[in-house]
Amino acid sequence: MLDFLNKRGIGFCTIIMLISISFFIVQSCTAESNENIGGRFDNFKKIQLTGEFYDFFEQHYIYESNHIGPFWYPCPSSVLTIRFNDDIELIVDGVVQDLEPPMTIFVYRFLGFCKTPQFYKGIEDKTISLTGYCEEYLYSHTIQENIITDTRLFNISDIVELGQTAWGLTQDDFNGDDLMDFAVSSATSPWTKSTISIFYGDGEASFTRDDVYMYDVDRRYIDDLDSGDFDGDGDIDLMFTYSESIDIDGLSWKTNGTVNLLFNDGEGNFVDETMIARHCSTARVGYGRYNPHVSSADYDNDSDLDFVVGDNSGIVEFYMNDGSGVFSSDGILYDYGQLSWGLTSGDFDNDGDIDLIIAAEYEKGQGHFYLKKNFLVESGGYTCFDMGQPGDIFVNMSAALGTCNLYSMDYNGDGLLDFVAGTTSVNVFINHGDYFDNFLIGELPGKDNHVDHLYYGDMTSFDVDLDGKEDLITGGVQGVVRSCINNFSQLPPLKPFIYGPNYCTNGIDYEYEYLIYTKDINGDDVYFYVDWNDGTECEWIGPYESGEEVILKKTWNEYGTHMITVVAKDSNGQVSHIKEFSLIIRTIINIDRDNALHSLFGKLFNQLTYPLFYRNNQIVEIDESVELEDSFLIDNIVSMNASNVDNVCFDSNVYLLNIVES
């Protein structure tokens, strides 16, 4: 081992010296921490926290990249947020705090020891134990959950588990009994076959399954599914898509996307599989014309069903029906660049013709929602779509993929067509005539510790429980089909949002601004009740329009931690969940010659140094007896020279003050 080190120019004496210096540093840091010397922890509290947590995260600010545990960190994190349902003990300066979970605990600027928490999904041991010092702590009995209202927008339950890849979903009355059914495509896990199954509805939210199509020759997955009377014979046919593949060096590469029809023979048998479109691309091309998804409607108002198809290439192509189920391309609507399989149809501008909403990626993980309007009515029947334009961008999306699954429905029953977008979560976009308003439905539950999502999955909608409201059926990668019963009613506003400084670096007697807003899914006006929790008299303010941003100004009179509580209500008196916003007003740290520290390197270079372990514009008072020379940022971004300074505000970084002895 020594020979190995000597070959790299590291001598034995050097190793011994480095070990000695390292031991001295560890001993010095431990002594400082335990003895609270030199005023380093004058403003800190000793804290011990143990318990069973269910959520944990650290919030850092610029240049604060450190994290807790498993050893003493010389620079504390900004804030730790830990949420508990039960089993919690908090000891501050030796005093056990009286806590009653569930609650959220905020630990500001923790400096100490903590085994790195294991908080990923599926972990059984979710215990935390931290011991050290913090500048401040705060706890709240209101758990900040991602809930819109007490009454969810949909009541969700599983219908069936199909193995994997419930990627295609469509609804129609397949057996002509005036009750809506749905069809779903899926595959076994592991793959042995792909199947299309029809679930016949009984009008009471129950379904009977019938597998109507199966493919088991090669590893072919069905990408998408649609339905309608494509050949005009009075019964409902099935349209499905899949991608062709070729083997190269033992690996399967997708190449071509296909669109296919299964014709209903009038007795519920789906026969005569016919390929109606095939788009070819080169193997090993990431954005080739495969993974096709379709949407069908009577776009040209000639009483037959046409369709559009998008895929990985970014191209969206328009196919017109001659009335008998024979299709021909009417051209490319637009080339969006890549990943343009998010498609849904409907009269979104309420002008009498069928428009498109398209979700397409323009760069990795970034995409837009486009409203591609149909101009059939405006042109007097001359043309449907403007082939040279992408459409109007009305929503930006940032996710794992810049596209997603879309489906149109009238969620709130107001006669304006809304739509639903599915990724790992599901959102409903409410149509207000001139804009869409976005509301989170919720996250898709996983299966066997695997995430479920709707990037490739599908959705469809109809009135499942016959209550007059349009419900939603969802699929997904994990093969679980779910019923989402529409729960729309006179719902309260969203839990309010609040934005503003939570590290108030200008101290007290300074006017800070806070922005609050909320949205009401019914479109009602809203009111806010803001409790500053500092003795200020509170009252309801408003009314404001749904989504309107409100600026409030506040001057704090005391240092330390504060909690702002905001609640909203609508014009019908429906009250939202409470939103809490924690903040800290920085205290002043005094430096004089008596608490300037001799560090190891200060002794080596015969000078006194004072290491500042405070960040985020901490206000520092420096005694007149202290003369500063060459104060600087450790990362050398900013330099500063000062002498006999009364007040210095350090901007968001760690400074090392070189103090000259008199």
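## An open sheet of five strands

In this predicted model, five strands form an open sheet with mixed pairing, in the order S33-S39-S38-S35-S36. Strands are DSSP runs of E with at least two residues, numbered from the N terminus, and two of them pair if DSSP finds at least two bridges between them. Strand S33 (503–504) and strand S36 (540–544) are the edge strands, each pairing on one side only. S33 runs parallel to strand S39 (residues 579–585), to which two bridges join it. Tyr503 stands opposite Ile584 in S39.

## Salt bridges

The whole structure holds nine salt bridges (a side-chain nitrogen of Lys or Arg within 4 Å of a carboxyl oxygen of Asp or Glu). One of them joins Glu317 to Arg289, with the closest N and O atoms 3.1 Å apart. Glu317 lies in strand S19 (residues 315–321) and Arg289 in the loop between S16 and strand S17 (293–297), 28 residues apart. Both residues are buried (under 20% relative accessible area, with a 1.4 Å probe and protein chains only).

Lys519 and Asp437 also meet in a salt bridge, at 3.2 Å from N to O. Lys519 and Asp437 are both buried. A network of salt bridges links Asp158, Asp452 and Arg482.

## A buried aspartate

Asp172, in strand S9 (residues 164–172), is buried yet has no salt bridge. Its side chain makes a polar contact of 3.4 Å with that of Ser227 (N or O atoms within 3.5 Å, one able to donate a hydrogen and the other to accept it; residues adjacent in sequence count only if both atoms are side-chain atoms).

## Basis of the values

Residues are numbered from 1 along each chain as its sequence is written, and side-chain values use heavy atoms, leaving out hydrogens and water. Local features need pLDDT of at least 70 and side-chain atom pairs count only at pLDDT 80 or more, whereas totals for chains, interfaces and linings use all residues.

How values were computed:
Helices (H or I, at least four residues) and strands (E, at least two) are DSSP runs, numbered from the N terminus. Buried means under 20% relative accessible area, exposed over 50%, partly exposed in between (1.4 Å probe, protein chains only). Lys and Arg count as positive and Asp and Glu as negative; His and the chain ends are not counted.
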